[in-house]
Amino acid sequence: MSTAAAVKSKWSAKDMAYVAIMAVVIAICSWISIPTTVPFTLQTFAVFLAVGVLGGRRGTFAVLVFILLGAVGVPVFAGFQGGIGVLLGTTGGYIIGFLLSALLYWAMTRALGEKTPVMVAAMVLGLIVCYAFGTAWFMTVYARNAGAIGLGTALGWCVFPFVIPDLVKIALAVGLTRVLKPHVH
C-alpha cells in the first residue's frame, strides 16, 4: 500500500468527531418519538442524514456507534431506552436494519458515485431493506412472546403507517445533505 493510501485509510480526529456528533444526532432523533407498536421517531431521518452528509463510510460508523452505545445500556433508543434487551425485542430488527441501510448506501454510492439520484435510490432501497429485516425480526420475536401473526398484520403495524413519513424524512435528509455536505470534509 502506498503511503498516500495508508494515510487516507486512517481515521483523523475530525473523522471521529463527525462520527460521534452524528451518533448523538441519531440518538436525539430517536428520542423524538410518538409511541405506537413500532415507535414513530426521527431515527430514519438521522440515519440517512448521517450517510448523506458524512458519506457511506463515516455515516455507517456513526450508525454502528449509535447501536453499540444502545447495546451497552446507554439510553439512546426510542423512549430513552438502552440495553441488549431492546435490540433483542420486537423493534430491534429495525434498529439493526439502520446499519444494513447504511451499509447498502455505502456500497451503492461507492460503486455509482454520490449524485443525488444515486443517493435517493440508495436511501429508498436502504429503507426497504430496513423494513424487510425489521419486519421479519418483529414477526419472529412477536410470535415467541404473543403468538404468530400474519405478514399482512405485521406490515399493517410496522411498515404501512411509516412509508409516507419515511419518504418525507428521506426527502428532508437529501435536502439537508445538499446544504451541509459542502461544509463537511
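Mentor: We'll take the salt bridges, then a pocket, a surface patch and a few loop residues.

Mentor: This is a predicted model, where local features need pLDDT of at least 70, side-chain atom pairs count only at pLDDT 80 or more, and totals for chains, interfaces and linings use all residues. Residues are numbered from 1 along each chain as its sequence is written, and side-chain values use heavy atoms, with hydrogens and water left out.

Trainee: How many salt bridges does a search of the whole structure find?

Mentor: Three. The criterion is a side-chain nitrogen of Lys or Arg within 4 Å of a carboxyl oxygen of Asp or Glu.

Trainee: Why do such pairs form at all?

Mentor: Side chains of opposite charge can pair when their charged atoms come close.

Trainee: OK, what does Arg 58 form a salt bridge with?

Mentor: Asp 15, with the closest N and O atoms 2.9 Å apart. Arg 58 sits in helix H3 and Asp 15 in helix H2, so the pair ties together parts that are 43 residues apart in sequence. Helices here are DSSP runs of H or I with at least four residues, numbered from the N terminus.

Trainee: Is Arg 58 buried or exposed?

Mentor: Buried, at 10% relative accessibility. Asp 15 is buried as well, at 12%. The scale: buried is under 20% relative accessible area, exposed is over 50%, and partly exposed is in between, with a 1.4 Å probe and protein chains only.

Trainee: Next pair. Which side chain meets Lys 181 in a salt bridge?

Mentor: That of Glu 114, at 2.9 Å, N to O. This pair links distant parts of the chain, 67 residues apart: Lys 181 is in the segment after helix H8 (163–180), and Glu 114 is in the loop between H5 and helix H6 (116–146). Lys 181 is partly exposed at 24%. Glu 114 is partly exposed too, with 36%.

Trainee: And where is the pair of Asp 166 and Lys 169?

Mentor: In helix H8. Being three residues apart there, they are separated by about one helical turn. Asp 166 is buried at 4% relative accessibility, and Lys 169 is buried at 5%.

Trainee: How many residues line the second largest pocket?

Mentor: There are 12, lining meaning an atom within 4 Å of a point. Leu 54, Gly 56, Arg 57, Arg 58 and Trp 106 lie nearest the pocket's centre. So Arg 58 turns up again, the residue whose salt bridge partner is Asp 15.

Trainee: Which helix gives the most to that lining?

Mentor: H3, with five residues. Helix H3 (43–71) and helix H5 (92–112) each supply at least two.

Trainee: What's the lining like by class?

Mentor: Two nonpolar, three polar and seven charged residues. Asp, Glu, Lys and Arg count as charged; Ala, Val, Leu, Ile, Met, Phe, Trp, Tyr, Cys and Pro as nonpolar; the others, Gly among them, as polar.

Trainee: Now the surface. Which residues make the nonpolar patch?

Mentor: Val 24, Ile 28, Trp 31, Ile 32 and Phe 80, with about 470 Å². Patch residues have over 30% relative accessible area and no salt bridge; nonpolar side chains (Val, Leu, Ile, Met, Phe, Trp, Tyr) are joined within 5 Å, like charges within 9 Å. Areas come from the Shrake-Rupley method with a 1.4 Å probe, and for residues only the protein chains shown count as cover.

Trainee: Where does Trp 31 lie?

Mentor: In helix H2 (residues 13–31). Trp 31 is partly exposed, at 32%.

Trainee: And Phe 80?

Mentor: Phe 80 is in the loop between H3 and H4. It is exposed, at 53% relative accessibility. Its phi is positive, about 55°, although Phe 80 is not a glycine.

Trainee: What else is in that loop, between H3 and helix H4 (84–88)?

Mentor: Val 72, for one. Val 72 is exposed at 68%. Its C-alpha is 9.9 Å from that of Gly 85, 13 residues away in sequence.

Trainee: Last one: Met 22, buried or exposed?

Mentor: Buried, with a relative accessible area of 9%. Met 22 lies in helix H2. Its C-alpha is 8.0 Å from that of Val 63, 41 residues apart along the chain.

Technical notes:
1 Å grid on protein atoms, 1.4 Å probe; cavity = no way out; pocket = protein on both sides within 12 Å on 5 of 7 lines; lining within 4 Å.
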